[in-house]
Amino acid sequence: MSAAGRKLTSEQLDIILNSFLQSRSPLHLKLMLDTAKQWSSYTSMSNVCLGISAQEVMAQFVDSLEENHGKKLVSHALCFILLSRNGLSEAELQDVLSLDNDVLAEIYKYWLPPSHTLLRFPRLHWSRLQRDLSAHLTERWEGGVILLGFTHRQFAELVRKRYLSRDMKADLHTILAEYFSGQWSRGQLRPILLPSLSTLLNADRKVPVQPLWFTGEVANMRKLHELPYHLAQAGKWEELRQSVLGSLDWLCCKTLRCGVSCIIQDLSLCTDLTDCPEIQMLKETFLLLKPSLDFSDGRVDPSLLVTEIFARLHCLADVYPSMIGQLCSQCTDWFGSCTDPVLVPKCSFFQAPGGPLKSTLTGFTKGVKAVVLCSKRELLVAGSEDGLIIVWSLNYLQILHTLSGHSAGVLSLKLMDKTSHCLSTGLDGTLRKWCLINGQQLFCITDAVSVQTHTPTHVHVIEERRIIITNPSSLVKAWHLDTAEPLYEVTAGVCSVLGVVGDVVACICSEGALCFYDISTGLQHSQTLLPCPAGYHNITCSLTLTKYSRILIAFGEDHLHSVWSHGIESVVDLPSPALFLRTSEDEKLLFAGCDRTLCVFIVTLTSMHKVLDLHHDASVLCAVSSSEGGEIITSAQDRIIRVWSVTTGALLDWIGVMDSAVSSLAVHQRTIISASVIANQLKVWQLDYNTKHRSKTFIPAYCPLVVVSKDGDTVFYVKEGNKTEVFTWSCSEGLRSGSMDVSSEVCCMELAQQKRLLFCGLRTGTILIYPLDFAPETLCLPPPENLPMVRSMAISPREDRMAVAYEDAVCLFEITSRDSFPCVDGPFERYSLCLLHSPISAMALLSDCRLLYGTFGGEVVIYDFKSATAAELDHHGAAITCITMSNWDAQALIGSQDCVQKLWNLSPVLLNHTMEYKGFYFEGVLCAVFSINDKYVFTGSLDKTIKVWDVSTGCLLYIQFVYSPVIKMMPHKDGFVAVTQHGSFIKEGFCCPDTLQPGYNPLRNFRAHYRVTSREKSLNAPHTVISELPDYNPAQFNFIGLGLMKSKPSNTCVLL
């Protein structure tokens, strides 16, 4: 009161204090003092009624506001502030009140407005109301704007309960939406019926326009934040779908200025309020594209965003034409008007929304070591090798807490069943207890676990006894679960703690004995010898069956043993040693991972009965059952997640392909969470998805050999783990169209595009040739006498010759035809390889019988079969991975596993450009292809990007992140077709203006840099010196055979 320059009389003070004593609420006292500031010293207390609570005082205050300023003005002004998403500025509030016909009708109830063409809310009315509301309003800065909000939460609740009916809420949100959309700006006349007039008055309200961008760099942040919220709350779904969520300009603007998380927040708000499949698809799209923005360090470029949206939604445009179809059409228009270089998707090659992949969770910098679920509170907890523990909400897939305490990697996590607490162990030797509700650490125990990474970390919790048991450095230690007080310690040389059975702790001792210790005192209870043979005392895995008071253990043998409180017995035989054990949630099913087989057992109190053997193509790493128990989800070393039927053992689906083998799986209802100790992300999959939304243009993941037809319609591939069969895939139909059995392992494949001949080089040295137009005919080139492996093959541009690289030589064959049937003659030439060089890794055959090849050691050699001369080109620092010829046989790109790729002129042989690209991830080139006009060269790299280079200058033009390394590319029309390591089929065109914009930077979305070194365009000043290889001495000639001499041609065999 003193600060306000006011003073209370003794009578006034007594009344205030008496009211305060009834509530003893500081807020109540403050509100009464705010009211008292309006009193005079002569104000009679007999007419003053102070409420006995804060809510009553605020209600009396609002009554006085209505009496002094009008009920409509007070109620609507307060509700506008309350209903705004982040608050309103004074100017915005006055503009909104100028659009409110009810408020204006109340103000102009008894007299006419000063103008019939211009109608505004009188500023004097706001000034008077603001003065009276000053104690209940607060100002805060947000985005450079001062916004009004309520000082007290109780006052906001009073306004909500007093005024906000459902109809009024919708009406006011509509007015706010119309304001932020700019519907009544630019002189648009808004009709109003005033009590003082008998007809409608169409007047300009003089509210500002609401553009999306004020300038090229300044966005309308207030519109971006407020408009979608008010349209959704007002139920204006069609307008929301067309002008906001279905607008590419809006999505790009908000993503650029507010981030993807804000877009996802808007879409989540909409999906909570309405069941619209298109909005749900768009929400899942932004959840899926978020990792791409994380990869680009959070810097969002319009081309990156438009590509992501189009490449995911293109396949759904016909299914959902109203919004998604409109969005895809806008993407096409954007690509057509783009003034910078850009790759234009011609098909959907990213994971579409509604498919198995739901989201990718990021936040770690290293691999994920442990994953647990708290189903009761719907929480996901994961620990990483970087020492962090992150808690996510399973409903919204948002980070709730980041728990930082471990100074080294997290080893294990364990949830408390009856509380919201979690125990974690780390390589720093500590055991920590966390509260998952507030993210606070409750205690930390040092030297609680072993810090050796090869030692299994077992933390056993007995919640009923409030005991924690750990096994650090051949000891058994017990702690109190609530206080971390040490209870006892066993120092009898315990190798490992198996678990708790009844009232005893079962341990494996150093003498090879099974020892039991009392759970409360740590005293030895009994001891028995292990039944396993000598040398098998090391446990490969163990599992406690709490329901049956037993522990299952597996040694390095084909048996599973059961431990109970008085001994141990062998219960079942296994096909091979068990690598992991896991049960279903109800412990009725037991899963034992035995190399490539998952054994499934039914567990009862007295027996275990094997019911299924689920065979995989690689070692099984993890298995879980769905919540309903109808499916088994497994992960294997081949990086594929499979879904099996519990009743039949049939493979129902494979739902995901990972960059690394999945080491952890968790299931919540119909959602699967997968993690890997190598990858720093978690993937969220859904078992129930619309199979129509799954991309049909894919082949099995991680195929070691792939070739693509020139039109991009057919893919030939060899599967991982089965290299004796070649499969054919129709991209147009999305189906496997056939297969070809091979007598031995396929080492390399090439496709003669015009003559439609598929060449398969085998480990035995044989080359099988499949005439695609004469199926099922097969031709065969027999191997040389020493049966060397076929390392590489290359077909000349005219498809009249083929070079085959064996272990010790390169042979030249001729591709001809007899009676319209293809045949291959030769070898006509033979080039013996230098024994000092590494094996050939890639090669290309020129039209003039020159052979350009590279080796695993980085050597690059060009050999002329006509003159029998060889010359060595610039050496690379790593293995050569691809040698790609231009379409006109004039240039060649040589890529390697390091950051260097070189573009050579072939006539004469001169190095045009050396292009070095160094990014945040590994940058080795896997494949490359020239555009049809030879102006550009496209490269696929291990960093999961496609890069476009200018052939004439060597400059980098564009980079696109595609989530998986591209392993094969072919030119196609104005771009290329490609196949990724995950099996996706990519078809894109490339658009590039004749002149680049000043300041254009192709690396604006990536943490990388590149350098181009070019030679001067003079034939007299070559970039590199080409030296002939030294002549072989006679001893070498005798050793390697007849070197450069011609061999007698051998006829092609036809396999019947």
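How do the residues of the lining of the largest cavity divide into nonpolar, polar and charged? In this predicted model, they divide into 8 nonpolar, 5 polar and 2 charged.

To see that lining, select Leu304, Tyr958, Ile959, Gln960 and Phe961, which of the 15 lining residues lie nearest the centre of the largest cavity. Rolling a probe the size of a water molecule over the atoms shows where empty space is left.

Next, select strand β3 (residues 189-192) and pick out Arg190, which is found in it. Arg190 counts as buried because its relative accessibility is 11%, under the 20% cut-off. Display its side chain, and a polar atom of that side chain will be seen 3.0 Å from the backbone oxygen of Leu99. Leaving aside neighbours within four places in sequence, the contacts of Arg190 include Asn101, Glu178 and Trp184, as well as Leu201, Asn202, Ala203 and Arg205.

Finally, colour the chain by confidence: the protein averages a pLDDT of 87, and 90% of the residues score at least 70. Select residues 1019-1056, where the pLDDT is below 50, although this stretch has 74 contacts in the model beyond near neighbours in sequence. Where pLDDT is low, the predicted coordinates should not be read in detail.

Definitions and conventions
Residues numbered from 1 in each chain as written. Predicted model: local features only at pLDDT ≥ 70, side-chain atom pairs only at ≥ 80, totals over all residues. Heavy atoms only, no water. Helix = DSSP H or I, 4+ residues; strand = E, 2+ residues; numbered from the N terminus. Buried < 20%, exposed > 50% of the residue type's maximum accessible area, 1.4 Å probe, protein only. Polar contact = N/O pair within 3.5 Å; in protein donor to acceptor, adjacent residues only side chain to side chain. Contact = heavy atoms within 4.5 Å. 1 Å grid on protein atoms, 1.4 Å probe; cavity = no way out; pocket = protein on both sides within 12 Å on 5 of 7 lines; lining within 4 Å. Nonpolar A, V, L, I, M, F, W, Y, C, P; charged D, E, K, R; others polar. pLDDT = per-residue confidence, 0-100.
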